[in-house]
Amino acid sequence: MIRKEEVFKIGVINKPHGIKGEVSFTFTDDIFDRVEDCDYLVLLLDGIMVPFFMEEYRFKSDSTVLVKFEGIDTAEVARKFTNVEVYYPKKYMEETEDISSWNFFVGYKVQDVNHGMLGEITDVDDTTMNVLFVVEQEGEELLLPAHEEFIVDLDRKKHILIVDIPEGLLE
């Protein structure tokens, strides 16, 4: 079973393209194009992370790709995937690979240098001008700004994001 902390969101499927099961996919992170080893993407279907192997893909624009998944051979079947979120497995990223999406940090624990462990990042809110980490803290939700200036260190093995949040933002 694929867990949410093992993947990060890279986009959403728009609609079918043509009649042979191809879908239009808008991406916010082109990691799947920069890393050669992974031949599948993970789709969030009814709350479950499901891997789908790609037969082929081609770029339609700078932010849209046409993808043909194995086993999806008609427009009717492809239509069921409209508005489905697409994720990429973190294990295929190189240790030195630049992180190009805030969604990469979902599942990481957040530790502040002054306040200690704050909780786990459960989501990223990018609906406003300032991107926020949604941190689960003892049953409560804490919103922290996702900003490079606040990141002190990253422990990929332990899944810990070490931050230095300015005074006043945690109150």
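**Strands, core and cavity**

Trainee: Which residue in β2 is the bridge partner of V12?

Mentor: T26 is the bridge partner of V12. Strand β1 (residues 7-17) and strand β2 (residues 22-27) are antiparallel, with 5 bridges between them. Strands here are DSSP runs of E with at least two residues, helices are runs of H or I with at least four, and both are numbered from the N terminus. Two strands pair if DSSP finds at least two bridges between them.

Trainee: Before I go on, what sort of model is it, and how are things counted?

Mentor: It is a predicted model, in which local features need pLDDT of at least 70 and side-chain atom pairs count only at pLDDT 80 or more, while totals for chains, interfaces and linings use all residues. Numbering starts from 1 along each chain as its sequence is written, and side-chain values use heavy atoms, with hydrogens and water left out.

Trainee: OK. How many helices and strands are there?

Mentor: 2 helices and 12 strands. Along the sequence the pattern is β-β-α-β-β-β-α-β-β-β-β-β-β-β.

Trainee: And what do β1 and β2 belong to?

Mentor: A barrel closed by 6 strands, in the order β1-β2-β5-β4-β3-β6, with antiparallel pairing. The twist from one strand to the next averages 50°; axes are lines fitted to C-alpha atoms, and angles run from 0 to 180 degrees between N-to-C directions.

Trainee: Switching topic. Which residues have the most contacts inside the largest nonpolar core?

Mentor: F69 and F133, in a core of 44 residues. A nonpolar core is a set of buried Ala, Val, Leu, Ile, Met, Phe, Trp, Tyr and Cys residues joined through side-chain atoms within 4.5 Å. Buried means under 20% relative accessible area, exposed over 50%, partly exposed in between, with a 1.4 Å probe and protein chains only. Of the 171 residues, 40% are buried.

Trainee: What does F133 touch?

Mentor: Leaving aside neighbours within four places in sequence, its contacts (heavy atoms within 4.5 Å) include W102, F105, I121, L144 and L161.

Trainee: How many cavities of 30 Å³ or more turn up?

Mentor: 1, from a search of the whole structure. A cavity is a set of points on a 1 Å grid over the protein atoms alone where a 1.4 Å probe fits but cannot get out, and lining residues have an atom within 4 Å of a point. F133 is in the lining of the largest cavity, and so are L144 and L161. β10 and β12 each supply at least two lining residues.

Note on methods
On a 1 Å grid over the protein atoms alone, a cavity is a set of points where a 1.4 Å probe fits but cannot get out, and a pocket is an open set with protein on both sides within 12 Å along at least five of seven lines; lining residues have an atom within 4 Å of a point. Grid points are joined across faces, edges and corners, and a volume is the space filled by probe spheres set on the points.
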